Amino acid sequence: MTAAIAPTRSFAGLARYGLIIALVVVFSLFSTVAPTFLSVGNLQSILFNNFTLLAIVSIAMTFAVAAGGIDLSVGTAVDFASFAFVSGILAGLPVPLAALAGLGAGALVGAVNAVLISAIGVSPFLATLGTLFIGRSIQQLLTDGGNPVYLPPSGVPAAFRFIGHGTIAGLPVPLLIAMIIIAGAALLFARMRFGRVVLAIGIQPRTVRYSGIGLAKHVAVTFILASTIAAFAGLILTATVTVYIPSSGNGFMLNAIGATFIGTTFSPLGRPNVAGTVLGVLLLSIVANGLLLTGLNFYWQQVGTGLLIFAVLAFSFVNKRAVGA
């Protein structure tokens, strides 16, 4: 019996680090097949163009999944924040006030979700799916059928450009914002009571409900917080390209879901965690960049990414079974 258990535990440990192994393998593979992959410019492109915005949206998704739900409207929060930010600048608001308006618009998406989920009792999947559809329609109405809203070059304040293209201590502002959000989320889950309660809701919601902690209130705050975090991606996106494109935020949703669930493989119990999500985002970012450099057809790139997600999640399944054994 002991001899049988030892290999099982050993394999469980290997499965837990399957995400890191996948990162090393993928990085090594593209370093070999794509000559320009290891260039400084390309590595910077992975961090700035692939990683930063997806990391922010994925952290938002991590909060929703940690609470036992999912948020299909994170892209809507990105879009609403982007639209409010651009509209504020066009209306002549100072950049800080326009940014606050953008964050408020993103938080409003979360507030709608909070009412539907916590007050009415709609499941997170259906509630956020409804918010996604309604948000898309509102954007179409506000932009005469989905027309982009441009900022004229002469009307872009320096502070606005700084958010998208500035640097602090040599670090690009967008990456610095992402790092602060990641660190804050990690601290919240590891050290703060609210984070521990959110994780408990995702594992044993009935226990939390019967303990008198206030399950509905914590779930509501979680979804508002998730949308507010996603709104930061909307501000950065707008400040980077100086244009609002309706429904562009929805492009982050599926990858954010993928990164979050890939990240669960980094936990022995298969739970959402910030470190795992960040590694999941990095993995997807490297794959997207590497496949692009190889010149592979776009549709085959999607197939490759999907197969990778399946492979990493298979490690998670094996890990859970091994831990159970």
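**Before you start**

You are looking at a predicted model, in which local features need pLDDT of at least 70 and side-chain atom pairs count only at pLDDT 80 or more, while totals for chains, interfaces and linings use all residues. Numbering runs from 1 along each chain as its sequence is written, and side-chain values use heavy atoms, with hydrogens and water left out.

**Stop 1: the whole protein**

Show the cartoon and you will find 14 helices and four strands; helices (H or I, at least four residues) and strands (E, at least two) are DSSP runs, numbered from the N terminus. The radius of gyration is 21 Å, close to the 20 Å of the globule rule for 325 residues, so the protein is as compact as a globular protein of that length. That radius is taken over C-alpha atoms, and the rule is 2.2 Å times the number of residues to the power 0.38.

Along the principal axes, the C-alpha atoms fill a box of roughly 75 × 60 × 40 Å. Of the 325 residues, 48% are buried (under 20% relative accessible area, with exposed over 50% and partly exposed in between; 1.4 Å probe, protein chains only).

**Stop 2: the largest pocket**

Select G251, N255, A288, Q302 and T305: of the 21 residues lining the largest pocket, these are the closest to its centre. The volume here is about 580 Å³. A pocket is an open set of points on a 1 Å grid over the protein atoms alone, where a 1.4 Å probe fits, with protein on both sides within 12 Å along at least five of seven lines; lining residues have an atom within 4 Å of a point. Grid points are joined across faces, edges and corners, and a volume is the space filled by probe spheres set on the points.

Now colour α3 (40-66), α12 (253-263), α13 (274-293) and α14 (298-324), each of which supplies at least two lining residues. The biggest share comes from α14, with six. By class, the lining holds 11 nonpolar, 10 polar and no charged residues. Here Ala, Val, Leu, Ile, Met, Phe, Trp, Tyr, Cys and Pro count as nonpolar, Asp, Glu, Lys and Arg as charged, and the others, Gly among them, as polar.

**Stop 3: the second largest pocket**

Move on to I117, P124, R209, L215 and V219, which lie nearest the centre of the second largest pocket among its 16 lining residues. Helices α5 (95-120), α10 (205-210) and α11 (215-241) each give two or more residues to this lining, and α11 gives the most, with four. The volume is about 240 Å³, and the lining has 10 nonpolar, five polar and one charged residues.

**Stop 4: two buried threonines**

Select T131 in helix α6. With 8% relative accessibility, T131 counts as buried. Leaving out residues up to four places away in sequence, T131 touches S73, T76, V109, V112, N113 and L116 (contact means heavy atoms within 4.5 Å).

Next comes T143, in the loop between α6 (124-142) and β1 (149-150). T143 is buried too, at 4% relative accessibility. Beyond its neighbours within four places in sequence, T143 is in contact with F83, V149, Y244 and P246.

**Stop 5: two positive phi values**

Most residues other than glycine have a negative phi. Select T242, in the loop between α11 and β4 (243-244), where phi is near 55°. Finish at S247, in the loop between β4 and α12, with a positive phi of about 65°.
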